[in-house]
Each structure stands twice: as C-alpha cells, then as structure tokens.
Amino acid sequence: QLQLVESGGGLVQSGGSLRLSCVVFGSSPDHAVIGWFRQAPGKGREGVSCISSRDGSTYAADSVKGRFTISRDNVKNTVYLQMNNLKPEDTAVYYCAARRFVSAEAMCAMAGTYEPDYWGQGTQVTVSS
C-alpha cells in the first residue's frame with residue numbers, strides 16, 4: 001500500500017512559477033512510477049508528467065514540455081513538479097498518483113490502460129491572466 005500526500009498548489013499570475021510536492025508513504029516505493037495528473041472543470045484527466053523511482057526515466061506531456069520539470073528525492077520519498085511559465089490553461093486540480101511495475105510513459109500517456117493504483121487528495125493550481 002502507498003499513501004500519497006500533495007502540497008504546493010495555489011494562485012499565481014500568468015508567467016509565474018509553483019512547485020508541487022508529493023510525499024510517498026508505504027512499502028517499496030522504489031518500484032513505483034510516481035506521476036502528476038490534472039483535471040480542469042469540464043475536461044478530461046491529463047497525465048502531465050511521470051517519473052520512475054527505479055531508474056529515473058521521465059515522461060512529460062507535450063502541453064508542458066519545456067515548462068514543467070519532474071524530479072525525485074529518493075531519500076525523502078518525495079516527487080516534485082516544478083512548474084514555470086504557467087498559463088491560465090494550466091489551471092486545474094493536480095493529483096499525485098502511483099503504480100508499480102510500469103514505465104513512466106505508460107502510466108502518464110496510457111492511463112486508460114495503466115490506471116494508477118494510488119492517488120493523492122489533489123491540490124488546486126489556479127493561474128490568473
């Protein structure tokens with residue numbers, strides 16, 4: 001079992017930055033892919049960025065490439081999402097999620113097939129124009 005606890009959301013102006021944190025509690029988190037998903041009102045869920053705890057490989061959606069960076073601190077069992085140059089269309093609830101024995105790309109890009117097994121409570125990110 002894994003428990004995910006997110007923090008770091010908030011209100012920021014367009015062009016600003018935020019850093020989200022996801023602390024992972026539980027056994028063998030090093031076999032898991034940890035990722036960030038988001039859902040805006042009236043829109044479907046999007047896999048934003050994922051990272052493998054095993055080998056550090058990452059995936060980022062085209063919509064955030066060059067602006068968002070995912071990283072991990074295995075000592076602290078924490079995954080970060082640094083979000084720069086935020087845009088109003090980034091406004092959403094951001095969820096941390098995890099699944100074992102899957103690639104970062106598979107969990108983020110094919111979540112319909114590789115549905116995460118664990119989810120955090122979500123944190124709101126609002127970008128004003």
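Predicted model: local features only at pLDDT ≥ 70, side-chain atom pairs only at ≥ 80, totals over all residues.

Residues are numbered from 1 along each chain as its sequence is written, and side-chain values use heavy atoms, with hydrogens and water left out.

Q: Which handedness does the disulfide of C22 and C96 have?
A: The sulfur atoms of C22 and C96 are 2.0 Å apart, and a disulfide is a pair of cysteine sulfur atoms within 2.5 Å. The torsion about their S-S bond is about -80 degrees, so the disulfide is left-handed.

Q: Is C108 buried or exposed?
A: C108 forms a disulfide with C50, their sulfur atoms 2.2 Å apart. Buried means under 20% relative accessible area, exposed over 50% and partly exposed in between, with a 1.4 Å probe and protein chains only. The relative accessibility of C108 is 5%, so C108 counts as buried.

Q: What kind of aromatic pair do Y95 and W119 form?
A: Rings of Phe, Tyr and Trp (its six-membered ring) pair if their centres lie within 6.5 Å, and planes under 30 degrees apart count as stacked, over 60 as edge-to-face and the rest as tilted. The ring centres of Y95 and W119 are 6.3 Å apart with their planes at 85 degrees, so the pair is edge-to-face.

Q: Which residues form one aromatic cluster?
A: The whole structure holds 2 aromatic pairs. The cluster consists of F37, Y95 and W119.
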